[in-house]
Amino acid sequence: MRIDERDAVFMTSALDEARAAASAGEVPVGAVVVFGDTIVARAANRMRRDNEATAHAESLAIRAAYLTLGRPRLEGCTLYVTLEPCAMCAGAIVLARFDRIVFGAWDEKAGMAGSVGDLLRHPRLNHRPEVTAGVCADECGALLTAFFAARRQ
């Protein structure tokens, strides 16, 4: 699969967030929200730090983007995330009305952009963002694999 250079650049920023999460003992998932050519929000998983199951990188980045842009919808924005979104995050993505979602690694256990299900492109929903999968997938997946291998030791 040919990766768009722009997507790779923004995914690298999401990977920086994922690495920060890993350094803090969190599952290494990072996300950035891009409007035009500008990152308007960024976040890393904070479930352990915040003691909150909903503190996923995507959810936190979406909240930050709302504050930055000062509007209730994120039309015109692209979300870059290192791991395929779960059901909760996919629902938030649809409600936020992102134009596009770009993710790195597939999540065969909980992914809702094609792995377990496909909430992002469900035909009965009134909004379906464009989805690009597998951007920097090897690097995103390796970060997760290394994190969980270290936790098992």
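Leaving aside neighbours within four places in sequence, which residues is Asp 107 in contact with? In this model, which is a predicted one, the answer is Leu 83, Glu 84, Ser 115 and Val 116.

Let me stay with Asp 107 for a moment. Asp 107 sits in the loop between β4, residues 100-105, and β5. Asp 107 is buried, and yet Asp 107 has no salt bridge. The nearest side chain of opposite charge belongs to Lys 109, and that is 7.2 Å away. The backbone of Lys 109 is another matter: its nitrogen lies 3.1 Å from a polar atom of the Asp 107 side chain.

Now to the sheet. It is an open sheet of five strands in the order β2-β1-β3-β4-β5, and the pairing is mixed. The edges are β2, residues 38-44, and β5; each has a single partner strand, so one side of each has no neighbour in the sheet. On average, neighbouring strands are turned by 15° against each other, direction ignored.

The bridge partner of Arg 100 in β5 is Glu 130. The side chains of Arg 100 and Glu 130 also meet, in a salt bridge of 3.3 Å, N to O. That pair links distant parts of the chain, with Arg 100 in β4 and Glu 130 in β5, 30 residues apart. Arg 100 counts as buried because its relative accessibility is 15%, and the cut-off for buried is under 20%. Glu 130, at 48%, counts as partly exposed. Salt bridges with shared partners join Asp 7, Arg 100 and Glu 130 into one network.

Thr 132 belongs to β5 as well, a strand that covers residues 130-132. Thr 132 is buried, at a relative accessible area of 19%. Apart from residues up to four places away in sequence, Thr 132 touches Asp 7, Arg 100, Ile 101, Val 102 and Phe 103.

For a residue in another strand, take Ala 31, which lies in β1, residues 30-35. Is Ala 31 buried or exposed? Ala 31 is buried, with a relative accessible area of 0%. Residues that Ala 31 touches include Ala 14, Ala 41, Ala 57, Leu 79 and Val 81.

Next, the helices. The structure holds nine salt bridges, and two that I want to show involve Arg 19. One joins Arg 19 to Asp 16, with the closest N and O atoms 3.0 Å apart. Both residues are in helix α1, residues 5-23, three residues apart, which is about one turn of the helix. Arg 19 is partly exposed at 31%, and Asp 16 is partly exposed at 41%.

The other salt bridge is between the side chains of Arg 19 and Glu 139, at 2.4 Å, N to O. Arg 19 is in α1 and Glu 139 in α5, so this pair ties together parts that are 120 residues apart in sequence. Glu 139 is partly exposed too, at 40%.

Leu 143 is also in α5, which runs over residues 137-152. Setting aside neighbours within four places in sequence, Leu 143 is in contact with Leu 15, Ala 18, Arg 19 and Pro 28. Leu 143 and Val 27 are 116 residues apart in sequence, and their C-alpha atoms are 9.4 Å apart in space.

Key
Residues numbered from 1 in each chain as written. Predicted model: local features only at pLDDT ≥ 70, side-chain atom pairs only at ≥ 80, totals over all residues. Heavy atoms only, no water. Helix = DSSP H or I, 4+ residues; strand = E, 2+ residues; numbered from the N terminus. Buried < 20%, exposed > 50% of the residue type's maximum accessible area, 1.4 Å probe, protein only. Contact = heavy atoms within 4.5 Å. Lys, Arg positive; Asp, Glu negative; His and termini not counted. Salt bridge = Lys/Arg side-chain N within 4 Å of Asp/Glu carboxyl O. Polar contact = N/O pair within 3.5 Å; in protein donor to acceptor, adjacent residues only side chain to side chain. Pairing = 2+ DSSP bridges. Axes fitted to C-alpha atoms, helices over the stretch in contact; angles between N-to-C directions.
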